[in-house]
Amino acid sequence: MFSGKGGVGKTTISCSFARYWARKFPQEKILLISTDPAHSLGDVLQSEVKDIALPITDLPNLSVQALDAQKLLLEFKAKYSYFLEMLVERGSLADGGDLAPVWDLNWPGLNELMGLLEIERLLSEKKVDRVVIDMAPSGHTLSLLGLKDFLDVILNSLELFQEKHRVITTTFSGSYTADEVDNFLVEMKTELAEGRRLLQDEKFTGCLVVGISEPMCFLETERFLNSLETLEVPYAGLFINRILLNSELEPDRYAEQQNLLKKYLELSPNHPVFILPQQRVEPLGEVALDSLASQIKQIASVELAPPPLIQWPAKVLPSFHDFLNEGCQLIIVGGKGGVGKTTVGAAIAWACSQQHPDKNIRVISIDPAHSLGDAFGTNLGHEPISLASNLSGQEIDAHQVLEKFRVDYLWELADMISGEGSQTDTTINVAYVPEAWRQIMSQALPGIDEMLALITVMDLLDSKQQDLIILDTAPTGHLLQFLEMPSALGDWLSWIFKLWIKYQDILGRVDFIGRLRHLRQQVVQAQKKLKNPQHTQFIGVIQSEFAIISEHIRLTESLKNMGVNQRYVVQNRYSREVQIDGSLFPEQTMIRLPSLPRSVEPIARIQGAANLLFEVEELTKNKR
């Protein structure tokens, strides 16, 4: 498995490594597969990649596949829906058929759940000899790997539903004979247990973490390795990509690189650290990928270099307009992983706070792999922290958001669905069913936290606590899921309402349904505001790489179809030698941010970026 911070070259190295394995083991079947909903396998391999495993032309023992979560869900439904609906019927007042609409809901976290099940299936069935997995960026990789605990809880809850059925059957007939649902539960437990065993077997599985020699990447990698240890997922080594070999080309970057390489070696004392040199041109296609594999080198020590003089680049016009004067209240910054979203978002927040010292500005990270605090050189958490007199920062803690949601809604929802207090045989009911539903509600698919964070953001704006909020988001694939979440939650609530209407004479809980209706109204309003260009603007961030540009063209089309306004695209690390053709984004204004000096404090980089993105006069006139 290859994972790490977004934009560090995971897909490129995954493809190169898979081709290396296919050549080294010509008699073995190798599968390269991506779990990233916004994968770039086709862009890197320069060939079409589908949702079925297809062999590579020049290496027939290597097949490539991109997971299609919706297709996997349909297969899962066809195989298991009968048993799951029967279990829900045995564990609630509802009929099994009432569960049918749930399959059609656009659940957040679906990609991760189906991805984990497919990975475990591939490992267990051993239809191929070796599997190379191109994972999503680190935050969502951890969400995927953590789902093995989620599945254990769900299975345990379903077991409680079945236990209720066993007790009732034994009570009325005097005995119980295992049925097809019992066999289903045994089969599922066996399959998941074997998948988990292989996933945690260091002789069978290894997570190779890809990074680059930049401070924010190092800090995220450090957190990621700690999380892998907690999840008991074997860590196998580090790949540090885009290494400068010549100190004279970019002395500032080279000095920072050497210092961070030393830190990477200290971070991974018992596992290998490999480096890959910066390529003159982007490695795309079979020849370039095979050449890249031959350049991988393991290192054991590093020679430090002194930092050079700091030189700031010149501003490149055009600049951003004044967002607050235009009435904008929410700015969403997004794009492919590693393009500089966090830096751009932080710079916009800083600039707006300087332009309008009388306004309250907040910058919020909803990326599961937070790096907003790293960008400012400070520790941020769930509660907002002051970054300037009128600027605050916040990194949404998914666990806290979810716990509040459970207390406000889910515990009571669990009791309602279980029928607690409405059945005559309370001994059987209390012993099994409410506990089972509470176990289910205690879990949450990845992505629900981001959906709830959006409602929190809208509340902050509606209550006038903040005049402008800048959102630092997850990479593209999960960003699109986030933007679609108001529809997903709205559909989920509609299903709950239909269930309640059908059984309201038994369920009661009119006050609770009233609170859920208010939540749905909030969701509907959030969706409207996301699509209102006077209220919300999306700012895309790109760099001059084929895979990045290709992905952002697809993202731009998706945003347009969703009705989300994208007025600007920022080309980060701009130089005259690597200009992006503006005609690729004809409806957007291209803002160009040159490469920033390395050997400066984080806050100085943010302030410098702000001055480069906005007119300097605008940032200083209010200070005079």
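Two strands are said to pair here if DSSP finds at least two bridges between them, and the strands themselves (E, at least two residues) are DSSP runs numbered from the N terminus.

1. A word on the model. This is a predicted model, in which local features need pLDDT of at least 70 and side-chain atom pairs count only at pLDDT 80 or more, while totals for chains, interfaces and linings use all residues. Residues are numbered from 1 along each chain as its sequence is written, and side-chain values use heavy atoms, with hydrogens and water left out.

2. The sheet to look at is open, with eight strands in the order β12-β13-β11-β14-β10-β15-β16-β17 and mixed pairing. The edges are held by β12 (385-388) and β17 (589-594); each has a single partner strand, so one side of each lacks a neighbour in the sheet. On average, neighbouring strands are turned by 25° against each other, direction ignored (the axes being lines fitted to C-alpha atoms, with angles from 0 to 180 degrees between N-to-C directions).

3. Now follow β11 (residues 361-365). Five bridges join β11 to β13, and the two run parallel; Arg362 is opposite Ser392 in β13. Five bridges also link β11 to β14 (residues 468-472), again in parallel, with Leu468 of β14 as the bridge partner of Ile361.

4. Is β11 buried or exposed? Five of its five residues are buried, so β11 is largely enclosed by the rest of the structure. Buried means under 20% relative accessible area, exposed over 50%, and partly exposed in between (1.4 Å probe, protein chains only). Ile361, Val363 and Ser365 point one way from β11, whereas Arg362 and Ile364 point the other way.

Technical notes: Helix = DSSP H or I, 4+ residues; strand = E, 2+ residues; numbered from the N terminus.
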